[in-house]
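Notebook open. I want to look up two residues and write down what sits around each.

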Amino acid sequence: FPRDVYHSRTTNASTHAQTPLLPPFSPHQTQSPRADSSAQHQSSDSRDRAANVKQATPAQIPKAPTLNSKTITKLEQSGDNSERPQAPQHVHADENISRGGSTDLAMSETSEASKTRRAGTKGRSKNVTKKSAMEKATSKRAVSRKKTPNPAKAAKKTKADPIDDSQAEASIARRKSMSDAVYGSRNVSSTESSRSASVPPENGMLIREASREKPVRKRGDVTSETICSGCFTSRERTASSELDEWISCNGCKKWFHIDCAGFKKAHEVRDVDKFFCNPCEPTHGKTTYVRKSARAHASVDYAELQRGVLKTSEESMEHHYIQPIKDGTLFPFDRESFPRIRPELVTREFFEKSGTFVEPICIPAEWNPRPWEERAGKGEDFDKVAAAGRSPADATADLYPEDFEYDSVRDDGQDKLDMVMPEGLSVRQVCNLVGPEYPLDVIDVKTQNSGAKMNLAKWADYYEEESEDKQIRNVISLEVSQSKLGRLLRRPKVVRDIDLQDQVWPQEETDKGKYPKVQYYCLMSIADSYTDFHIDFGGSSVYYHILKGKKTFFFIPPKPKHLKAYEEWNESPQQNFTFLGNITGECYRVDLKEGDTMLIPSGWIHAVWTPETSLVIGGNFLTRMSYKNQFKVVEIEKANKTPMKFRYPFFQKIMFYTALKYLKDDPLPPSISQMFYEGKQFLREQPIWQDFDGRLAAKDPRPEAQNSRYYSQAELEGLPDLALYLYHVVLAVLGLRDGISADQMKRMNASIPKGHGEPLEVAKTFALWVAWKTGEPAPAFAHPDALLDTIRDEGPPKKLSARAIKDLERKEAFAAYKVAPDRQSER
């Protein structure tokens, strides 16, 4: 009678030698059945199986839960028993006992009549057929396991200690009777009894802990010297790099950066089945993706999980620079030494004569307390006076003589910078003052893209929403000059004094509302907002006052090499994941808190991080002290093809009004013009920027040496750039510059103020005026006899069409015929 293939039997050598193989003992019958003819085959099979058990010891096999009969039945249906002896199977109906118990119990309860029916040929063949089907399934599973070996399991099997035969024979006891099958399992070790009865003994069943590592696409042979076949560069992965991963083409086997392969996000590669690059697509087809179910699956952010927060990667709305900034691993910032100046010293005269406004200036909140805080007794000066037992008025009464006259200043709630900010301003109040339906241009911080439209009412709801998983957005372009909020604001006095627009823009156009509206911006930022490196449009300067929250600036100075790197970085596909400080090698960090005010000069490259939800009032302005940087930034904007809506409004018109203002306030004497026409030069012993009080001009006997006001050094150094800029604009309007479209010529012509003479004459006269003030020779284009054709900008040669070439040849032939008609052929 065939043995039960699911239970092991003792393999004692003496038993094999003395006694033949006996069928299982049945408690319901006393007669012994005849021996099965396949006993010899079974004994040899048991020896082979005992040899195969050497793969793993019972100590190496972890304990597994006992499987019920329903689970075993499912395993049998997917199993393979082709390599086992054929034997009839009986599955008991009870599903709450183990496979071994249910099989033995079914065999013990088999009646004598069922045994007789089983002895028939028909029944035997039927049972054999069922058994062979299970054997085929088991063989298929075994073959599939061999085809797809597990490297981890193979490594562990190699390291495992071998088991000798005596241990294998002792660990797998061979049962001799049905009683041993039912009750003898109690004496078997727990490790062996935990093994599922449906698993063949020759298959090692090692239960190991699941790997916690995220599945990562195999990088193969990627090294630091690997060259991307898309961008032909090899960049190293940094802490702030998001897309610096690789993917290999399944066709040509070349490696590509993820962004060079056309993927926007790194997690998109997880869904790729076979990737083919563009050259391989005609041969191999397009990239294929793994099949996804319709159910939503969330990928866990394991970095957050280690902190005890269950968060998916899609829910992580932070910009990829935020965490490195917090950890201090983004960039080794240089130690900044920008000036902190008291508000009483921040004046136009101080800036012009000292040349201080060439780097960011901070006015701390401690030196410029808010008026409502001073009135409430929170100011530092008030506390000192109160400690002395006197009021502020009594403290200053004895410092000035009684006969001295003072200018009365109206109290508008201004601070020491003469700046007015509303007390307790909130985003909800901004919404009510500007208008709930006012449209906003909202920036998605993670992608640094704008375009999401939202009105102020919805933005106020979003801003006030207290949720940790909301998308991080930022508003930095809300201009409120012509709103109710704009009438409650006033810029610092130093800004109003040095603002070029306020000094040159006609009042009649301002009254009509036709002026650049860049004076008051309301910036509303959620915590962890980030604005990548940029230069304010037109090279304008910025004032920045924090009403609420905190801000952190990253500054890069406007050196020529840094501006060139910034221009190239703007055009680079690596811009979103390359920190500009790593390219320039120079970057400063400045932290600002509530109440601080910062003045940023022209051309400074900066990025901004918001550590704490903030509300800021700021504005842009052009100055006479920044001509050079302003024109450099304008050229960068042209090179990068910056859209017009992101450029300084009416910039060109302001420059023309500036030249007209110079000529009006300090007219050019006719004698000086005649001197330049004769090729002479108006020499000065000392530059006029050194004449701080007018004494140098007073000592000069020449009447042309007088000046209407003080001209700073930075202003004089930038005046030649202003003259050249205006002249190039006039050439473009006249169609004498290449690369200018008709639409651009039309816009330039509209930006030139009308009613002030011919633009070309204005540009030439202003160039002579600049040469007069700087003491330099007049430029060649300013001479009245200068020919425009000789100074036309040379550009690359244009390719002519076939028709244009034929017309040119026809004209040349006609001209040659006129010169020598007798020499021309009849053709």
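Term to settle before I start: a polar contact is a pair of N or O atoms within 3.5 Å; within protein, one must be able to donate a hydrogen and the other to accept it, and residues adjacent in sequence count only if both atoms are side-chain atoms. Ground rules: this is a predicted model, where local features need pLDDT of at least 70, side-chain atom pairs count only at pLDDT 80 or more, and totals for chains, interfaces and linings use all residues. Residues are numbered from 1 along each chain as its sequence is written, and side-chain values use heavy atoms, with hydrogens and water left out.

**Gln 414**

I placed Gln 414 in the loop between helix H17 (392-397) and helix H18 (427-434); helices are DSSP runs of H or I, at least four residues, strands are E runs of at least two, and both are numbered from the N terminus.

Is Gln 414 buried or exposed? Its relative accessible area is 18%, so I put it down as buried (under 20%; exposed is over 50%, partly exposed in between, with a 1.4 Å probe and protein chains only).

Leaving aside neighbours within four places in sequence, I see Gln 414 in contact (heavy atoms within 4.5 Å) with residues including Pro 371, Met 419 and Arg 490.

**Trp 609**

Next I went to strand E14 (residues 605-621), where Trp 609 is found. Trp 609 counts as buried because its relative accessibility is 7%. Its side chain makes a polar contact with the side chain of Asp 528 at 3.4 Å. I also noted Tyr 321, which is 288 residues from Trp 609 in sequence and 9.4 Å away in space, C-alpha to C-alpha.
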